[in-house]
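Hi,

Here is the structure I promised to pass on. Have a look at it first, and then read my notes below.

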Amino acid sequence: MGDGIAHLFVVGIAHGDAGEKLVGECGIARESRSEAEEFAIGKGIAEEALILSTCNRVEFYFASKNKNFDFLDAARQLFLFSGKKPKTYLDFKNSAFALCDEDAVEHIFSVASGLKSQITGETEIFGQVKDAYARAFESGHCGQVLNRVFQKAAQCGKWIRTNTEVGRGKITIGSVSAELAARIFEDEKSASILLLGSGEAGKSVAEALYVRGCKDVTVASRTRENAMRLAESSDMKYEDFSDALAELENFDIVICASASPTPPLSLEIVEEAAKRRPGKSVFIIDLGVPRNCDPACEAIEGVYVYTLDDLSRIANKNLDSRKSEMEKAKAEIRRRAENLTKKLFVESQQ
């Protein structure tokens, strides 16, 4: 079955092909990732395992000495172990990509560098890759292959951001959301803004709004303590989640970044808020995966909904001007992937 050396395998889905709904359904909860990796190693599915699960991608990384490693069956077992329904796995399978060795190395290098992000060049993914590796490493789930690959991925991502203009201007979900808010309101500092969610995306938005000098911002989260901490760190107000939804008509802009499995902004809630502010529009920026705002709300008069796809178009508008920088980044990624592949999977056989 094996050839004496461990090979790198990755199987996963991402925003481009799978869509936000499926990515959200397939996401592995933070508290379950280490347990799933432990299961994979303990059951002999793979010698090493790491799960990268974000709002834009769900990817399983394995190292195995089995040259005929079954990517999809490994993912299936981890899905079932994590409590996912068989149908979720089948939907995953229909949209999944599977790569090995050099192709897999080049993939994670590109992910860490922001080249495969929905917003090209965004910086959050770099931290998410590093966090995923740190967690798996501390759990003892990384060995010779994953340690080298993810350490080199971090180095590659840092080089790309330092030596190219791909991520010019520290592109983040938060900064693009704040830019959109500025486009909606000529003076966004005077707008009444509600931020739903206090996770990583919520923190990014809060930081960007604070930098722009927005004064009338209210933070609401299902966990009141988290909302309080985020609000206090950014000089903002905070409110209970249910109270904020009940008073939705008081806000000009609603930025949703909640991890809720169902849309907190239902058609009924948004319709009622729109009725209570006649002649005044409400703008909703939905950063949720899955969606935080019922898509049916887009048909309500006076309600304007913007999604991650809209933010992606804003952030990528000047991609053509950065084309040479993209090519420079891709060439460097290929060079580094080739070098690491040679050392890991070729020289180790000699």
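(The expected span is 1.5 Å times one less than the number of residues; helices are DSSP runs of H or I with at least four residues, strands are runs of E with at least two, and both are numbered from the N terminus.)

Before going on, a word on the source: this is a predicted model, where local features need pLDDT of at least 70 and side-chain atom pairs count only at pLDDT 80 or more, while totals for chains, interfaces and linings use all residues. Residues are numbered from 1 along each chain as its sequence is written, and side-chain values use heavy atoms, leaving out hydrogens and water.

Back to α8. Its buried residues are V145, L146, N147, V149, F150, A153, C156, G157 and I160. (Buried is under 20% relative accessible area, exposed is over 50%, and partly exposed is in between, with a 1.4 Å probe and protein chains only.)

What does α8 pack against? Helix α7 (residues 124-138), at an angle of about 160° and with the axes 10 Å apart. (Axes are lines fitted to C-alpha atoms, for helices over the stretch in contact, and angles run from 0 to 180 degrees between N-to-C directions.) That makes α7 and α8 roughly antiparallel, the term for angles over 145 degrees. On the α7 side, I125, F126, V129, K130, Y133 and F137 meet α8 residues including L146, F150 and G157. (Contact means heavy atoms within 4.5 Å.)

Another pair is α9 (residues 173-184) and α14 (residues 308-315), whose axes come within 10 Å and cross at roughly 90°. These two are therefore roughly perpendicular, which covers 65 to 115 degrees. Among the residues making the contact are I173, V176 and L180 of α9 and L308 and L311 of α14.

Now for two single residues. E37 lies in helix α3, residues 30-42, and is buried, with a relative accessible area of 0%. Leaving aside residues up to four places away in sequence, E37 touches A49, L50, I51, R135, A136 and H141. D70 sits in the loop between β3 (57-66) and α4 (71-81), and is partly exposed at 45% relative accessible area.

Cheers

Conventions: Angles under 35 degrees count as roughly parallel, over 145 as roughly antiparallel, 65 to 115 as roughly perpendicular and the rest as oblique.
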